[in-house]
Amino acid sequence: MPSDLLLVLPLLIPLYGALLCLAFWQREQWMAVMAGLAQMVWLLSTVFLMQRVLAQEVIATQVGNWPAPYGITLAADVFSALMLVAAAVIGLSVYLFSLQGLDVTRRRFGYYPLLLLLQMGVSGVCLTGDLFNLYVWFEVLLICCFALLSLGGSKGQLEGAIKYVTINFLASGLLLSGVGITYSLFGSLNLAELALLVRQPEHPNLPLLSMASVFFLVGFGVKAAIFPLFFWLPASYHTPPIAISSFIAGLITKVGMYTLIRLFTLLFISDLGFVLPLLALLAGFTMLIGVIGAAAQTDFKKILSFHIISQIGYMLMGLAIYTPLAIAGSIFFIIHNIFVKTNLFLISGVVAQRYRTFSLKKLGGVYLLQPVLSVLFLLSALSLAGTPPLSGFWGKLMLARAGLEAGNYTLVGVSLCVSLITLFSMTKIWNEVFWKPRPLAVKKDTIMAPVNPIRLWQLYLPIVLLLAFILFIGLYARPLVRLSERAADGLLHIDTYTNTVLSNNKVK
Amino acid sequence: MRTIIFATAIRYLTPLFLLFSVYILFRGHNHPGGGFIGGLIGSIAFVFHALAHGSDRTVNTYFRMRVYSQGKQPEHDTPQYMWDLVRANTWRRSEEVTPSNWRYYIIRVRPAYMMALGLFMAATSGVLGLLQGKPYMSAIWLEGKLPIIGTLGTPTLFDAGVYLLVLGMVLKMVFTMSKE
């Protein structure tokens, strides 16, 4: 397949899927069929993209056939392809879960097209080679997230969605200002051309670049939920149904993180002496505050929401250390976290579907009734906490090693302590939800009767699928570690990227 | 706003708005205009109609069509049958004139369908470039020039798609809000 096609497919497939869903408006089963097809083809297309990127390192296309600095560039390297494959896998799993795990009203009222458009936004962010388009794709993301978070319109959901959208609009305003400032400083928005411009030491506007970078740091910091800008996340992520919050919680903050890593390796490299200590500080506080917040919660979904913040800290830690190993560790951690976090949310959804509650106080004794589910949870939770030999361990090992090599002992110490508290927090869920006897105060009839085996199987299928991925990247970590190292290498040596984007700018 | 002056004026203004919106749509390639603005102007026609007559009547007038038909009877010859079909579906639309044993089907144009079609046209206009081995959204122009519309090409198709999308989107909002 030509790379023109390969780069456009991850954008077009969700779009076509969404509009096929629109064409079958309110016929829920047809919509489900169309969305399922789109999910599968999307996964295939990202796998093809990955394959091509592995062979060619970077591929690029110029949408509209206008040459590079002026036209709209789409480009993919190993990092973006990795993100897309991960997004496609969890997209498929969340879709499979939603078949049984989401109420009919929401499914009929636009859940599938919105999810697909959200995925299109994710593809756009990961593939774009243009700063302004990056902002536009983030808006696509934000609007779809807002619609999904408020879908169904229960009171708690609207409250959460308003918090989410208010602060994210502010962040988008900052991003747009940053884009404008960058354009006025360098006269270009193409990432590859900007990357070359900021590497000219004699460029007159270079000292002003750090000002622009602050706008991006704060803007994407809000979107990635970095300390101290994370308050919107636990306030909004636990409100919608699991089939919605699992996708958003699993992926969207990591997309913010992806952009931070991309921009701070490609563009804002002139003032790293100032930025990196700041990032290290933020990373330490993000993981600490997130995990302490989680320890204070007594709600299954809220604990998981706070853990998202804590895990973002680890990804930021890799960027703050800024060695090839550290950035590879960050990338490994992002991929691992996308899978694990989604899986934990899905498991909480299965528990809640049977017991009608997320409150740790009211839950209990799940192990007796659903031992398989308990084992699935245990493996995912240990993986999140980073118990060897599961996937979280390798990510943390890479980060810790990189930190020790760079002499950043405080940060490594904090991260290891946070690991312990994460383990404690997961043990708390395990004790309260799965292990302790059912509280007597809760009436018997609040438990749903065991659902029929086919429905149960459909709920378990995505969880087992994701766990298979998690176990694979944990027990056989070498391929993903190698991939992460290649991705980090591509990020730190930008020649291939700039050459590919700027060289195929002849009009065909 | 249900005054008789407004309601009468709307009858003459609606086609004018629509015509103007299509003009703006095709003007958009080289001058200010295009699908987005055209779609907004086109939607004004229906919004005013809904203001004057209520949105249910707008839907009934423009977005819901009854198609009358009757199974072909053995005593009818084919031309006669076709003629009756045409007559029932064009000027003799009211139920008093159409024989009561005729069935009718309701064709509804939902705003969601318009949005889907618009998105499809806009997205597919880009795919045509791909088929020629060029990047996505490369423009392909037809030979020759039409009198008012100008040259036709994939960008025109894209604009028409945007037009339908915007029109469908605004109508969806207006109809939903006027229901509440």
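## A tour of chains A and B

Start in chain A with Glu57(A), found in the loop between helix 2 (28-56) and strand 1 (59-63). Keep in mind that this is a predicted model. Check the backbone of Glu57(A): phi is positive, about 70°, although the residue is not a glycine. Most residues other than glycine have a negative phi. Now show the surface.

**Stop 1: the loop between helix 8 and helix 9 of chain A**

Select Ala225(A), which lies in the loop between helix 8 and helix 9 of chain A. Its phi is near 60°, again a positive value in a residue other than glycine. Is Ala225(A) buried or exposed? At 0% relative accessibility, Ala225(A) counts as buried.

Look at the bond joining Phe227(A) and Pro228(A): the peptide is cis, with omega about -5°. Most peptide bonds are trans.

**Stop 2: a proline pair**

Next, select Pro388(A) and Pro389(A). A cis peptide bond joins them, and omega is about 5°. To place Pro389(A), find the loop between helix 15 (371-385) and helix 16 (391-405) of chain A.

**Stop 3: Gln297(A)**

Go to the loop between helix 11 (272-295) and helix 12 (300-321) of chain A, where Gln297(A) is found. Gln297(A) has a relative accessible area of 19%, so it counts as buried, the cut-off being under 20%. Which residues does Gln297(A) touch, not counting residues up to four places away in sequence? Show Lys302(A), Ile303(A), Phe306(A) and Lys428(A).

**Stop 4**

Select Pro2(A), in the segment before helix 1 (3-23) of chain A. Pro2(A) is partly exposed, at 48% relative accessibility.

**Stop 5**

Now look for open space. The second largest pocket holds about 430 Å³. To find its centre, select Gly101(A), Gly349(A), Ala352(A), Gln353(A) and Arg356(A), which lie nearest to it among the 21 lining residues.

Colour three helices of chain A: helix 3 (78-101), helix 13 (324-355) and helix 18 (453-475). Each supplies at least two residues of the lining. Which helix gives the most? Helix 13 of chain A does, with five residues.

Colour the lining by class as well. It has 10 nonpolar, six polar and five charged residues.

**Stop 4: across to chain B**

Select Tyr113(B), in helix 5 (residues 111-131) of chain B. At 25% relative accessibility, Tyr113(B) is partly exposed. Show what it touches, leaving out residues up to four places away in sequence: Leu22(A), Ala23(A), Arg27(A) and Arg108(B). For a distance within chain B, pick Ile24(B). Tyr113(B) and Ile24(B) are 89 residues apart along the chain, and their C-alpha atoms are separated by 23 Å.

**Stop 5: helix 2 of chain B**

Select residues 35-53 of chain B. This is helix 2, with 19 residues, and it reaches 27 Å from its first C-alpha to its last, close to the 27 Å expected at 1.5 Å a residue. Its buried residues include Ile41(B), Phe46(B), His49(B) and His53(B). Several glycines of this helix are buried too, among them Gly35(B), Gly38(B), Gly39(B) and Gly42(B). What covers the buried residues? The cover includes helix 1 (4-27), helix 3 (55-62) and helix 6 (154-179) of chain B. Then step past the end of helix 2. Gly54(B) follows, with a positive phi near 95°.

**Stop 6: helix 4 of chain B**

Finish with residues 78-89 of chain B. The 12 residues of this helix 4 should span 16 Å at 1.5 Å a residue, and the end C-alpha atoms are 17 Å apart, which agrees. Pick out the buried residues of helix 4: Tyr81(B), Asp84(B), Ala88(B) and Asn89(B). They cover an arc of only 120° around the axis, so they sit on the same side of helix 4. Last, show strand 1 (64-69) of chain B, against which these buried residues pack.

Key. Residues are numbered from 1 along each chain as its sequence is written. Chains are lettered from A and ligands numbered from 1 in the order in which they are written. This is a predicted model: local features need pLDDT of at least 70, side-chain atom pairs count only at pLDDT 80 or more; totals for chains, interfaces and linings use all residues. Side-chain values use heavy atoms; hydrogens and water are left out. On a 1 Å grid over the protein atoms alone, a cavity is a set of points where a 1.4 Å probe fits but cannot get out, and a pocket is an open set with protein on both sides within 12 Å along at least five of seven lines; lining residues have an atom within 4 Å of a point. Grid points are joined across faces, edges and corners, and a volume is the space filled by probe spheres set on the points. Helices (H or I, at least four residues) and strands (E, at least two) are DSSP runs, numbered from the N terminus. Ala, Val, Leu, Ile, Met, Phe, Trp, Tyr, Cys and Pro count as nonpolar, Asp, Glu, Lys and Arg as charged, and the others, Gly among them, as polar. The expected span of a helix is 1.5 Å times one less than its number of residues. Buried means under 20% relative accessible area, exposed over 50%, partly exposed in between (1.4 Å probe, protein chains only). The arc is that of the directions from the helix axis to the C-beta atoms. Contact means heavy atoms within 4.5 Å.
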